[in-house]
Amino acid sequence: MNSEQQYIDLYHQANDLICRHSAPLMNAHRQEALEAFQRLGFPSKQVERYKYTDVAQIFAPDYGLNLGRIDIPVNPYEVFRCDVPNLSTSLYFVLNDLFYDKALPKATLPEGVIISSLGKACEEFPDVVKRCYGQLARSGKDAINALNTMLAQDGLFIYVPRGLVVDRTIQVINILRSDVDLMVNRRVLIVLEEGAQARILVCDHALDDRNFLATQVSEVFVGENAHLELYELEETHVKCHRMSNMYVQMQANSTAVLDNITLQNGQTRNRTDVQLAGEGAEVHMNGCVIADQKQHVDNNTLIDHAAPHCQSHELYKYVLDDEAVGAFAGRILVREGAQHTVSKETNANLCASRTARMYAQPMLEIYADDVKCSHGSTVGQLGDAALFYMRQRGIPEDEARLLLKYAFVGEVLDSIRLESLRDRLHHLVEKRFRGELSKCKDCKLCK
Amino acid sequence: MLEIIDLHASINGKEILKGINLTVREGEVHALMGQNGAGKSTLSNVIVGHPSYEVTQGKILFNGKDLLELKPEDRAHEGIFLSFQQPVEIPGVSMVNFMRAALNAKRKYQGLEPLSAGDFLKLMREKRRIVELDNKLANRSVNEGFSGGEKKRNEIFQMAMLEPTLSILDETDSGLDVDALRIVAEGFNKLRTPQTSAIVITHYQRLLDYLKPDVVHVLLAGRIVKTAGPELAFEIEKRGFDWIKEEQ
């Protein structure tokens, strides 16, 4: 049986169960998604934007799914402390795909700002969900979108109404928790209306030593003059597979920071698709990947300059060791009429071992004639001259290698705007290089 | 202190050193002169354990220990320091972190506790003065954006921090103007004690005017062909190397 068929069969068998435990607004998209998935199948490596990740192989194992929405008896506020603590009192948890609302943070949000489960939002704010859900993440154009839309039953909803500013950083922790190998299909909708401002930090963790496969499809709407900072930090473990598709649509004069850090993982593919739809929009994307063993991290980005006077600045850095595989494919598309575009893409990679592999593919497509664009990519090894210089001064080889790796990603860590995250990351990255960053360090569940 | 016996070494299969014999005693300064390609830098690289060079014959003893058995970092811990001809730029690694890692590694080797942050910074301040190194430079990345003179001053600053017993200065005078040369040479002299020794590789008398070597050696095609007192350096300055070649 091919990988696709088990999901199609599952859908046919469990359609009632899926729909019964999900909102009608989400159910309305399932049939179309099924048809798209049947037509597309999992992308082979012949599909350009999937050429670095073997999707069918990731989806081939038989995972359990919690389609019946069996309760997970865990209070994350009691058992879990994230590696980025004390950041905010606006702390929320998503357990697998379930927004945890039995205990919520004390901090009060400005009136009208909503952070809730997507399912609940479908009932309470049907207009917003209807207007946004499935609008950017089209099933017809991507098999992962289609599969997620077929199977997803819940997720996260963040809404900031017009003109409102959320001062405090909103921290969302995605926790994977299961006693059996588990597949999770999570859906995220983030809407900032005109002039709204919010800063969101999303951390991915896994509490159990199980095989996990999490698909996450996010749709992010940034209204005119709105400002969004969205930081994603993955700190899971080698048995976790993350397939994330994020679509961001930015209106005129809006700004966004979309940073993505992979500190610890199994196999990860992050697709980030940014559409600069309105004049004067500006996006900053920083990415940092640290991988060793047989970890696999594939960041695939598209920045679509669809309007004039927009800016995009992208910096991704990788440090790969052992037999890790990294991929960065960053496509910048400057459409006809997108005059006065400013775009800069930089990707630099360090292979610290002979067996680590990096695939770097910067792409720049320009159909306008008055633009300022640059892109560049490098893959290098640790400098022998620097290593020897340090050893001659008495720094042991391991320590010298660590200092050089740490220095390499320093630039991208320094460019993270959220100060508390930046400081914490410097510390976490150093620990990571020292091999001291283990999973579940602060979790009571698996001890 | 340092005893080199019949040392042969090669790089990429090409033999550069063809039987070096050299003894440096406590408190002595030896000058090593010779034309480009004679093997001077190779000799200093082999002493500090550069991995590109292969020792094919002979041995090096340092205070009785077999140096060739030690890793480069442990040779440093034993008290050997090389002032690089071309100091390496290390973007992103601050001088402070670099020096702290080096100093604390040495203290660990000696069985000492790491220095506290306060004591360490105090030491940095104190040693900086020896070579008049700007505080700004100390806060920057290692050698990054330093001028030629600043790089060489930085080498002597590191020497001051690590307090080696044997220092090798590999063309520390190259690329220096007269003032910078004076600062570097005087800095080096301030660090000298009756227990410390040095090997100074240079093409010019000017540095030796400051450092006052006890012995001058001439290296030719991988061998030491002449050894004499400081007057030899004056003669080379005047007459070049050809007359030595002809003597062979």
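# Exercises on a two-chain model

A:Arg434 sits in the segment that follows helix H11 (419-433) of chain A. Keep in mind as you work that this is a predicted model.

**Exercise 1.** Work out whether A:Arg434 is buried or exposed.

*Solution.* Start with the neighbour count: A:Arg434 has 12 C-beta neighbours inside 10 Å. Next, recall the cut-off: a residue with 12 or fewer is exposed. So A:Arg434 counts as exposed. While you're there, look across to A:Asn245, which is 189 residues away along the chain. The C-alpha atoms of A:Arg434 and A:Asn245 are 31 Å apart.

**Exercise 2.** Find which residues have the most contacts inside the largest nonpolar core, then list what A:Leu192 touches.

*Solution.* The largest nonpolar core has 202 residues. Those with the most contacts inside it are A:Leu189, A:Leu192, A:Val222, A:Val248, A:Val283 and B:Val200. Now zoom in on A:Leu192 and skip residues up to four places away in sequence: its contacts are A:Val160, A:Ala198, A:Phe221, A:Val222, A:Gly223, A:Ala226 and A:Leu228.

**Exercise 3.** Sort the residues of strand S6 of chain B by the way they point, and find the bridge partner of B:Ile80.

*Solution.* S6(B) covers residues 80-83. B:Ile80 and B:Leu82 point one way, B:Phe81 and B:Ser83 the other, and all are buried. S6(B) runs parallel to strand S9 (residues 166-170) of chain B, with 4 bridges joining them. In S9(B), B:Ile80 has B:Leu166 as its bridge partner.

**Exercise 4.** Say which element of chain B gives the most to the side that touches chain A.

*Solution.* Begin with the totals: 21 residues of chain B are in contact with 17 residues of chain A. On chain B's side, helix H2 (72-78), strand S7 (90-94), helix H3 (95-109) and helix H6 (148-162) each supply at least two residues. H3(B) gives the most, with 5 residues. By class, that side of chain B has 14 nonpolar, 5 polar and 2 charged residues.

Terms used
Residues are numbered from 1 along each chain as its sequence is written. Chains are lettered from A and ligands numbered from 1 in the order in which they are written. This is a predicted model: local features need pLDDT of at least 70, side-chain atom pairs count only at pLDDT 80 or more; totals for chains, interfaces and linings use all residues. Two residues are in contact if their C-beta atoms, placed from the backbone, lie within 7 Å. Ala, Val, Leu, Ile, Met, Phe, Trp, Tyr, Cys and Pro count as nonpolar, Asp, Glu, Lys and Arg as charged, and the others, Gly among them, as polar. A nonpolar core is a set of buried Ala, Val, Leu, Ile, Met, Phe, Trp, Tyr and Cys residues joined through C-beta atoms within 7 Å. A residue is buried if 20 or more other C-beta atoms lie within 10 Å of its own, exposed if 12 or fewer, and partly exposed in between; C-beta atoms are placed from the backbone. Two strands pair if DSSP finds at least two bridges between them.
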